[in-house]
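User: I am new to reading protein models. Can you walk me through a few features, one at a time?

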Amino acid sequence: FHTYPNAHNGYGDFSHLEQATVEDGRDFYKRYYNPANAVLAVVGGCRTEEGVSLAERHFGEIRGRRRPKHGPWTEPALASGKHQKVASALVPEPAFAIGYRTPDPVGDLESFLPYFMLAELLAGGEASRLRRRLLHQDKNATDVSASIGTFGDDAFMVRDPTLLRVVVHHPGQATTEKLLGAVDAEVEALASEGPR
């Protein structure tokens, strides 16, 4: 991603935390910690009247405020693929990740669902296409996964923009380019032949 809301470290980093002031914390609290930006879930055996009564008793005195503005955080279309290589002496074996942008699951669920199914077909179990090919047949990878989102989110708990992420760990006997070619071949086979 290119825009700041989508491309920066979502967890934050210590340099930003060290620069934050008490007033920044107060402003964040006032803006986001309010009833208009909250969801209350009641689980278990409870009658509606009882649940409403308990919610009123515990939260009724909290002053309501305007709901904070969220997004949209759209991304401009990519003109070409984007590649980055990172080396670290602390990493025990090579790995690579591929990200395919997906439609917004909230705004366009029908277009999003094929990406969810693609992730499952590619690496959703031992019989999935990439696990069968790279781990069992070619034996040139040690792990393969495919998921929607960047933080291990549930695929249906994300908003636009997000991505389908394929991650391949390998011992380095096969090049990243060869493994990437195998991933591309499986995606192309699914696109042209459908699942089998």
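Analyst: Start with exposure. A residue is buried under 20% relative accessible area, exposed over 50%, and partly exposed in between. Keep in mind that this model is predicted.

User: Is F28 buried, exposed or partly exposed, and why?

Analyst: F28 is partly exposed, because its relative accessible area is 46%. Y32 has 24% relative accessibility, so Y32 is also partly exposed. Y33 counts as exposed, at 53%.

User: Where do F28 and Y32 lie?

Analyst: Both lie in helix α3, residues 22–32. They are 4 residues apart, about one turn of the helix.

User: How many aromatic pairs does the whole structure have?

Analyst: A search finds 5. One of them joins F28 and Y32: the ring centres are 4.8 Å apart and the planes meet at 45°, so this pair is tilted.

User: How is a ring pair described in general?

Analyst: By the distance of the centres and the angle of the planes.

User: What are those values for Y29 and Y33?

Analyst: The centres are 5.2 Å apart and the planes are at 15°. Planes under 30 degrees apart count as stacked, so Y29 and Y33 are a stacked pair. F28, Y29, Y32 and Y33 form one aromatic cluster.

User: Now H170. Where is H170 found, and is H170 buried or exposed?

Analyst: H170 is in the loop between β3 (162–169) and α7 (176–193). Its relative accessibility is 2%, so H170 counts as buried.

User: Which residues is H170 in contact with, beyond its neighbours within four places in sequence?

Analyst: They are E93, P94, A95, F96, N140, A141, T142, T176 and L179.

Key: Residues are numbered from 1 along each chain as its sequence is written. This is a predicted model: local features need pLDDT of at least 70, side-chain atom pairs count only at pLDDT 80 or more; totals for chains, interfaces and linings use all residues. Side-chain values use heavy atoms; hydrogens and water are left out. Helices (H or I, at least four residues) and strands (E, at least two) are DSSP runs, numbered from the N terminus. Buried means under 20% relative accessible area, exposed over 50%, partly exposed in between (1.4 Å probe, protein chains only). Contact means heavy atoms within 4.5 Å. Rings of Phe, Tyr and Trp (its six-membered ring) pair if their centres lie within 6.5 Å; planes under 30 degrees apart count as stacked, over 60 as edge-to-face and the rest as tilted.
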